[in-house]
Amino acid sequence: MNIASNTPRVAPWTAWFAHGVIAFMVVPTLLVVPISFNGDQYLSFPPRDFSLRWYEDFWSNDQWLHSAWISLVTALAVMAIATVLGTLAAIALHRMTGVGKKVLLALMMSPLMVPTVVLALALYFFFARLQMVGTWSAVVLGQVILAVPFAVLNVHASLQGYPATLERAASSLGAGPVTTFLRITMPIIRPGILSGALFAFMVSFDEFIIALFLAGPGETTLPVRMWQTMQLYISPTIAAVSSMITGVTVAVFIASHALRRRATRRRFAERQPSASKATKGKGRTLVRNSGGWPGSGKLMSKEV
Amino acid sequence: MLRKSSWLIAPCLAYMLVMYVTPALIMLYSPFQISVESGFTALGEALVEPSYQRVMMTTFRTALVVTVLAVLLGYPTAYYLSRLPSEKVGKYMLLIMFPLWTSLLVRTYAWIALLQDSGVINSTLMSANLISNPIRLLYNSGSVAIGMVQILLPYAIITMYSVMVGIKPRLSQTAQVLGASPTRAFWHIFLPLSLPGLSAACLLLFIMGLGFFVTPALLGGRRDMMVGTLIQQQVVLLGDWDSASLLSIMLLAATIILLFVYSRFARLENLVPASK
């Protein structure tokens, strides 16, 4: 055994096992893509003849297109609200200490632990009193709760190791609070805000349970329409929809990864000494190893 | 300026109080609306109602089974990743993060496409003449478990990895230099040090498992109904708000009790590795 090496040997079966498990996590979902190009009515595999008929089915169906539009608009609205609320909260939390901070952080994060069905039911009762069940605003207002934790986490993480002296320097040189925020704080936390916004967007775009409880027939989001269709029969059109959603997801995923890489590079380039120290101190954070901001790993909404 | 920035939390806090805490209180209060006694009577009746008990039993059993399976699959995977040099971990982490980004309904649909009678597995086996009639793979507790384990695995791996990566390889190496076999070094050094991650993963997965809704509803049969589906049916199909809120209170109580027990012997922060 090579003691000098810092990387120990692991039993070969562990490597095979790990690769198998990761394949189990990723491959079945990707199989939807070849299935969607199948000309057959049945979901046969390997596909018998190549066809785009299920894509045509989607693009020529007003209901599907309307749902896609609703999902997009909803996700943008949720993203806007959650990003503003989460960013402000994260800045405030960063400067707090003690019990107050713990309680507030726990409150902001708790939607991730509460079963989403319970949250959806509570919102249903609440909006029923306001006669808002079945409205688009109810869906947006509800989904924001699930998106806020991600906005807070991402911005909070990007504030870690952010030297307070920078702000004091700015104000001692005569900058007002607004100038300090826009010229000093904002550029530093911008990558955190952007990735928080992407998370918020994806949370809402995938969100299903709150939308199922609160959306009216005119506001059926894409996941709800998929659910309704799947209740009736397993249409291959869903394979086409799924492939397109997965395509969009991969694009957003790559964008957020590129964002993180750029943020990391810039952070290291601009503030080499403090950045490397901060990284060393956080041996247990996961994201150091995936090349990005701590906390930018998406702990997706626990909606299952 | 950030020194005096505590007020910046006000909009978010106000939002959470109005849109999140208030609805939760309304729901918790609704069984007790008429009187406190009648509320507790209703809750007691719901607890002994046989049809609810059956669903609750299914829910707890399913959550337990998928937790055990996901931890058994996830532990060696997280171990392998934590022993890799850090520059190699990145691409694996991307693959592990990818499912978290993928739409839940898409992933569930993929399992239906794979497992149904005319699906990928059956049609492949039949065209290879290995079977003459499709095997029934879908709409049973097995397909629910497969779907749930696949969804839970990223959480299991990330939670355990974030603890394991802090365990210095040198500790196991030292044990081996001193004469322990690799197996003994693992059981006596690595495993005990990884227990915080293991227990956090178990709790997180079990709590998540209790609240599953989409997967059991779409991949399971009638007998695999879990409490989430029951709640939705009571409200949306039957309009029975009272039962729905009683079931939600039970589900929420189970979650809170588990979190409380866990917080007695470990830090709740372990549950959200990204927040560290």
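In which helix of chain A does Asn154(A) lie? Asn154(A) belongs to helix α7 of chain A, which spans residues 136–158.

## Basis of the description

The model is predicted: local features need pLDDT of at least 70, side-chain atom pairs count only at pLDDT 80 or more, and totals for chains, interfaces and linings use all residues. Residues are numbered from 1 along each chain as its sequence is written, chains are lettered from A and ligands numbered from 1 in the order in which they are written, and side-chain values use heavy atoms, with hydrogens and water left out.

## Architecture of chain A

Chain A contains 13 helices and 0 strands, where helices (H or I, at least four residues) and strands (E, at least two) are DSSP runs numbered from the N terminus. Along the sequence, the pattern of chain A is α-α-α-α-α-α-α-α-α-α-α-α-α.

Of the 304 residues in chain A, 57% are buried; buried means under 20% relative accessible area, exposed over 50%, and partly exposed in between, with a 1.4 Å probe and protein chains only. Among contacts in chain A with a separation of 6 or more, 72% join residues 24 or more positions apart, a contact being heavy atoms within 4.5 Å.

Asn154(A) counts as buried because its relative accessibility is 3%. The side chain of Asn154(A) makes a polar contact with the side chain of Ser195(A) at 3.4 Å. A polar contact is a pair of N or O atoms within 3.5 Å; within protein, one must be able to donate a hydrogen and the other to accept it, and residues adjacent in sequence count only if both atoms are side-chain atoms.

## The interface between chains A and B

The contact draws 109 residues from chain B and 114 residues from chain A. The area buried between the two chains is about 10,400 Å², and carbon and sulfur atoms give 79% of it. Buried area here is the accessible area (1.4 Å probe) that two parts lose on being put together, summed over both.

Between chain B and chain A there are 0 salt bridges and 7 residue pairs in polar contact, both residues at pLDDT 80 or more. On the side of chain B that touches chain A, helix α1 (residues 10–29) of chain B gives the most, with 14 residues. That side comprises 75 nonpolar, 28 polar and 6 charged residues; Ala, Val, Leu, Ile, Met, Phe, Trp, Tyr, Cys and Pro count as nonpolar, Asp, Glu, Lys and Arg as charged, and the others, Gly among them, as polar.

## The salt bridge

Over all chains, the structure holds 1 salt bridge, defined as a side-chain nitrogen of Lys or Arg within 4 Å of a carboxyl oxygen of Asp or Glu. Arg136(B) pairs with Asp117(B), their closest N and O atoms being 3.5 Å apart. The partners are 19 residues apart and link distant parts of the chain: Arg136(B) is in the loop between α6 and α7 of chain B, and Asp117(B) is in the loop between α5 (104–115) and α6 of chain B. Arg136(B) is exposed at 54% relative accessibility, whereas Asp117(B) is partly exposed at 35%.

## Positive phi angles in loops

Most residues other than glycine have a negative phi. Gln131(A), not a glycine, has a positive phi of about 55°. Gln131(A) lies in the loop between α6 (116–129) and α7 of chain A and is exposed, with a relative accessible area of 71%.

In chain B, Asn129(B) has a positive phi near 60°. Asn129(B) occupies the loop between α6 (120–127) and α7 (141–164) of chain B, and its relative accessible area of 67% makes Asn129(B) exposed.
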